[in-house]
Amino acid sequence: MGENQPEGMKEFFDLRAETYDSHMFKNVNNFREFYEAVARPVRQTGNNIKILDLGCGTGLELAAIFLRAPQAKITAVDLSAKMLNKLLEKYHRQHSQIEIRRASYLTAPFEEEHYHYAVSVMTLHHLTEAEKLKLYKKIARALKPGGEYIEGDYIALSREEESSFLAERRQRLKGTDKEDSALYHIDIPFTLGKQEKLLSRAGFQGFQVIYQAGENAVYRAKI
Ligand SMILES: C[S@@+](CC[C@H](N)C(=O)[O-])C[C@H]1O[C@@H](n2cnc3c(N)ncnc32)[C@H](O)[C@@H]1O
C-alpha cells in the first residue's frame, strides 16, 4: 500500500490502541478542558441514566461523564476490539454499567426513544454529509423525547478548508474499490455552520457550541 493510501478504520485503531491515550493527551490541545466540555451537558445525578457512546474507543470521554453521573449505563459502540479492550481495562470498576457493542454505528440498530444522552467524540469527521445525516436521524430516534446529543470533534475552520479536505479525500480514494466507504481513515471535518444545518435537518433543535479551541469543538442539540 502506498504511503498516502487510506487505511481501514478498524485496522487503523487496532494498531494504535496501545498508545492511543498518550497520543491524545499529547496532541489534543487543552485535553482536559475538551473532555470536560463533552461531559458538561450531562446532568449531575445518581440515577442510572442511559448514554449511547458512538465510537467510544478507549473511553476517554467516560472519565468526566462518570464524575457527573456515576451510575450512568453506557452503551459503548466501536469497531475496534483492541480499543474496546482498553476501555474495559480502564473502567473495570464500572463493568456492570458498560455494555460493549463491537459494531459499526453506521449499520448497528439502536433502541428507539431509549437514551437520555448520545455522545460521539473525535469519530464522525470521516463521514460524508449523506452518511452523517443518516446517522444523525438514527441518533435522533434513539433518544428519549427531550434527550440530548453531544458531539466533540475536529472541525474545519472555513468552507475553503472543508472543500480542500473533500478534494484530498477524492484523490486518496482513487484506485480503491470502495469510493464511498466511510470505513477508511480519512479526515473530512465540516464547519460548525454545516454541523448545525445537518443536525437541524435530522430534527435536532437548539444547536449550541459549548467549547471551541481552534479546530476542536464541542456542540450539543436537543430532540
Ligand atoms: C479517534 S477515536 C475516538 C475515541 C474516543 N471517542 C475518544 O474521544 O478518544 C475514533 C474511534 O471511532 C471508532 N470508529 C470509527 N468509525 C466507526 C464506525 N463506523 N463504527 C464504530 N466505531 C467507529 C474507531 O474504531 C475509534 O476507536
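The model is a predicted one. The ligand is surrounded by 21 residues, and the protein covers 97% of the 600 Å² of accessible area that the ligand has on its own. The largest nonpolar core holds 43 residues, and a second, separate core holds 29 residues.

**The ligand and its surroundings**

- Among the 21 residues around the ligand, the closest are Tyr-20, Tyr-35, Gly-55, Asp-78 and Thr-123.
- Asp-78 places a polar side-chain atom 2.6 Å from an oxygen atom of the ligand.
- Glu-61 has a polar side-chain atom 2.9 Å from a nitrogen atom of the ligand.
- Ser-104 has a polar side-chain atom 3.1 Å from a nitrogen atom of the ligand.

**The nonpolar cores**

- In soluble globular proteins, nonpolar side chains tend to be buried together.
- Within the largest nonpolar core, the residues that touch the most other members are Met-24, Phe-34, Tyr-35, Ile-51, Ile-74, Met-122 and Val-218.
- Helix α3, residues 31-39, gives the most to this core, with six residues.
- Tyr-35 belongs to this core and is also one of the residues closest to the ligand.
- Beyond residues up to four places away in sequence, Tyr-35 touches Met-24, Leu-60, Glu-61, Ala-64, Val-121 and Met-122.
- The second, separate core includes Ala-108, Leu-135, Ile-139 and Leu-192.

**Helix α3**

- Phe-31, Phe-34, Tyr-35, Ala-37, Val-38 and Ala-39 are the buried residues of α3.
- These buried residues pack against the helices α2 (20-27) and α4 (62-68), and also against the strands β4 (115-121), β5, β6 and β7.

**Ile-65 in helix α4**

- Ile-65 has its place in helix α4.
- Ile-65 has a relative accessible area of 0% and is therefore buried, since buried means under 20%.
- Apart from its neighbours within four places in sequence, Ile-65 is in contact with Ala-39, Ile-51, Ile-74 and Val-119.
- Val-77 is 12 residues from Ile-65 along the chain, and the C-alpha atoms of the two residues are separated by 16 Å.

**Helix α8**

- Helix α8 spans residues 192-201, and its residues Leu-192, Lys-194, Gln-195, Leu-198 and Leu-199 are buried.
- These residues lie on the same side of α8 because they cover an arc of only 155° around the axis.
- An α-helix has 3.6 residues a turn, so residues three or four places apart point the same way.
- The exposed residues Lys-197 and Arg-201 are carried on the face of α8 turned away from its buried side.
- The cover over the buried residues of α8 includes the helices α6 (129-142) and α7 (159-173), together with the strands β5 (143-154), β6 (205-213) and β7 (216-222).

**The loop between α7 and α8**

- Thr-191 is found in the loop between α7 and α8.
- Thr-191 counts as buried because its relative accessibility is 12%, and the limit for buried is under 20%.
- Not counting residues up to four places away in sequence, Thr-191 touches Ala-156, Ser-158, Arg-159 and Glu-162.
- Leu-183 also lies in the loop between α7 and α8.
- The relative accessibility of Leu-183 is 38%, so this residue counts as partly exposed.
- Leu-183 touches Glu-7, Gly-8, Met-9, Leu-79, Ser-104 and Leu-106, residues up to four places away in sequence being left out.
- Ser-104 is 79 residues from Leu-183 in sequence, while the two are 9.0 Å apart in space, C-alpha to C-alpha.

- Most residues other than glycine have a negative phi.
- Asn-30 is not a glycine, yet Asn-30 has a positive phi of about 50°.
- Asn-30 is found in the loop between α2 and α3, and at 39% relative accessibility Asn-30 counts as partly exposed.
- Glu-113, likewise a residue other than glycine, has a positive phi near 50°.
- Glu-113 lies in the loop between β3 (98-102) and β4, and at 53% relative accessibility Glu-113 counts as exposed.

Technical notes:
Residues are numbered from 1 along each chain as its sequence is written. This is a predicted model: local features need pLDDT of at least 70, side-chain atom pairs count only at pLDDT 80 or more; totals for chains, interfaces and linings use all residues. Side-chain values use heavy atoms; hydrogens and water are left out. Buried means under 20% relative accessible area, exposed over 50%, partly exposed in between (1.4 Å probe, protein chains only). Helices (H or I, at least four residues) and strands (E, at least two) are DSSP runs, numbered from the N terminus. The arc is that of the directions from the helix axis to the C-beta atoms. Contact means heavy atoms within 4.5 Å. A residue is near a molecule or strand if one of its heavy atoms lies within 4 Å of it. A polar contact is a pair of N or O atoms within 3.5 Å; within protein, one must be able to donate a hydrogen and the other to accept it, and residues adjacent in sequence count only if both atoms are side-chain atoms. Accessible areas come from the Shrake-Rupley method with a 1.4 Å probe; for residues, only the protein chains shown count as cover. A nonpolar core is a set of buried Ala, Val, Leu, Ile, Met, Phe, Trp, Tyr and Cys residues joined through side-chain atoms within 4.5 Å.
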